[in-house]
Amino acid sequence: MSKKVYTHCHYCVSLCGVEVEVDDAGQEIIGIKPDRQNPFSHSDFCRKGMAAAELRNHPNRITTPMRRVGDKYVPATYEEAIADISERLNRIIDKHGADAVGSYHGNPLGHNFGDSNLHSGLLAAIGTGNRYWVGSLDQNNLHVVQEEMFGCELMSVPTDVDECECFLLIGMDPAVSRFGWIEVIPHGWKRVLAARDRGADLIVVDPRETTSSKEARTHIQIRPGEDWAFLLALVKIIVEAGWNRQPEVVPVNGLEDVFALARNADLSWLSARCDVSEEQLRDVAERFAKARTAACVSHTGLAHLGTGTVGEWLSQLLNIITNRMDMPGGKRYERGFVDLPRAWEMMAPKSKHHTRLRNLPTIAGFHALGELADEILTPGDGQIRAMLVCSGNPVVSGPDGDALDKAFSQLELLVAVDFVQRESHRHAHWLIPGTHWLEREGLHLAFGSLMDKPYAQYARAAVKPKGDAREEWRFFVDLALKMKRPLFGFKGFNSLIRASRWLAKIPGLKKLEFGPAWFEFLMVASAGRIKLRDIKRHPHGHIYDEKQYGDLAKCLRTPSKKIECAPQILMDECRRLLTTDLPAVNSEFPFILSSRRDRESMNSWMNDNRRLFEHQRGNQAEMHIEDMEALKLEEGDAVRIRSATGQIELTVTAASGGRRGVVTIPHGWGSRVFEPRQPGQYRRWGENRNRLVDNQRMDPLSQTPLLNMTRVRVEPVEQLAAVIPGSNQHQVPMAVGQ
């Protein structure tokens, strides 16, 4: 016998509805397939969701706390782990201050609101400002622009895909990503293609030739890193031609300052800078401005350039000056089922913390990962001496992982909360098990305003956690209680938690126990748009209202209650860029490293799933075929790729189009997965391209490392390590350690 549970996938922001068949005992997954009754997201279902049971049953999964003893790990109870960790953290704090404790969290934690919220509660209890997160690697530029223009770092404006008649897509490959970034557009690429087939214009800006660019009417093969110049040129042309339109539904400040900046820029200089002809710039500007509806959409590729914050700002301005902000077919603000700007103000007030060495502020409450290694390695007051790494793999995800690995090896305490022991956890003193989304329930309270329509789905747990694993939020709360430091920094909160646990022991009162459900009820109720019980009443998800336009103006958090179009820091940085020269040709490192992703990959936490990598192109370096010919390379040849920071070796594959001089390697590979019970045993899939990236160079506004703008050299090598058994030359090299 079996039963079916309806929930949604948590791997990416497509949030695909899934039907999970489980045994009657609720222990094992029998099968996973798309939930065809889901009204919103089922048609983006992919192999990642289909292979979720394999990840849940990972052969190296940690299912009980494990303490490091010598060179191996031994099982322990949660009580033992919490007692030891709390004592050591308190000792470090008492001696060196709260900032001696740092934290990092990755995407899996961020995709679970209960865990991420109570993780923040623990950090507030500790009192540390040394908080680092994965968003600094790919989305900080957007948060800076949202804060400066809208007054809130979490006010996204998803694309109104179905009504759009001109798409200008920058820094994205939606045929692979399915439009996934800081907007939830289910089957977004299919909907873009359907609009194109109805006559919509499709323009893709990308140095590479991609699956997406091949579907476009126009492919702009821009010079890497110069998207900002392309966008400023479009603004200039539109303003000088008189094609701009006053925004109808959003109040704005500073447009005249923006127009003056654009008019003073030299079009021929901007054209040379981005290597797009003036004729083509005028053509794109006219098509975009004169389309009945249009949207300029920029994603991760723009964030990784070092100029991504200015680029994101100009992208938003292009929509504003053509009256595409919160209008049909443009960019639209979705209020969601939670008043997120208000909740963000209350629960995450603007941090005044600055990093010790570079004196940089937080963005969206967190510091940039690029700074972490130095903050650990450099002695002095405020030096980080303990780290909590939660559902993240920063040694692989961030720049110069070798430096961060060295830093982690010198910590007095490293606690890793995760599914398996990854590259970033190899020096951990404690391993705390993580749970899989198939084992949890909850409502992600921040995702409602990222949707392209009013939609909500309460995620249901399909099976019980493996072994002794507890949901991560329970570990965070119990640790704060044991440390005798008030959760969220609120005096008396711990007593409230203990009282709720006492009441929950009384028959019929179990639901009173403190946990994420408290926040779900309070935040949904306070928004007043829908009741939590009505969300739960729809197991396949619920489209609870009609799509509306014009709500952005009501929710702005700027002092003026208007969109600030000319923030000083963005205007100043744009003026600075207008005075800079293109980098000189570098004969030692003649290529530019860029990133790409595979549909079946998700950063650094799924590439060791055998069911997934069987279908991937793998961790190869893609080069223009003419560049390969110049180096006398053939498909599948082994190459060494060097930068000023490091080097890696992998195989090469050819791209028939796009710009020459660009080498693209997927992000997220190269992590070892260890068997903690057997010292020295591990498996590693592929090579970590981020070892080539400098942790000192970053976007000056977003603090994002230059993941798409690192200079590299490509050299042939004789051969590489053995490949995965049964694979072909396009698969990922695997190293096995004993």
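Predicted model: local features only at pLDDT ≥ 70, side-chain atom pairs only at ≥ 80, totals over all residues.
Because 14 of the 14 residues of H15 are buried, the helix is largely enclosed by the rest of the structure.

Aromatic contacts were examined next. A pair of aromatic rings is described by the distance of the centres and the angle of the planes. The structure contains 13 aromatic pairs. In one of them, formed by phenylalanine 488 and phenylalanine 490, the ring centres are 6.4 Å apart and the planes meet at 25°, and since an angle under 30 degrees counts as stacked, the pair is assigned to that class. Phenylalanine 488 has a relative accessible area of 17% and is therefore buried. The rings of phenylalanine 514 and phenylalanine 519, by contrast, have their planes at 75° with their centres 6.0 Å apart, so this pair is edge-to-face; both of these residues are buried. Ring pairs join Phe488, Phe490, Phe493, Phe514, Trp518 and Phe519 into a cluster.

Arginine side chains also lie over aromatic rings. The charged end of arginine 324 is placed over the ring of phenylalanine 288, at 5.2 Å from the ring centre, while arginine 672 lies over the face of tyrosine 682, 5.0 Å from the centre of that ring.

Note on methods
Residues numbered from 1 in each chain as written. Heavy atoms only, no water. Buried < 20%, exposed > 50% of the residue type's maximum accessible area, 1.4 Å probe, protein only. Helix = DSSP H or I, 4+ residues; strand = E, 2+ residues; numbered from the N terminus. Phe/Tyr/Trp six-rings, centres within 6.5 Å; stacked < 30°, edge-to-face > 60°. Lys NZ or Arg CZ within 6 Å of the ring centre and 35° of its normal.
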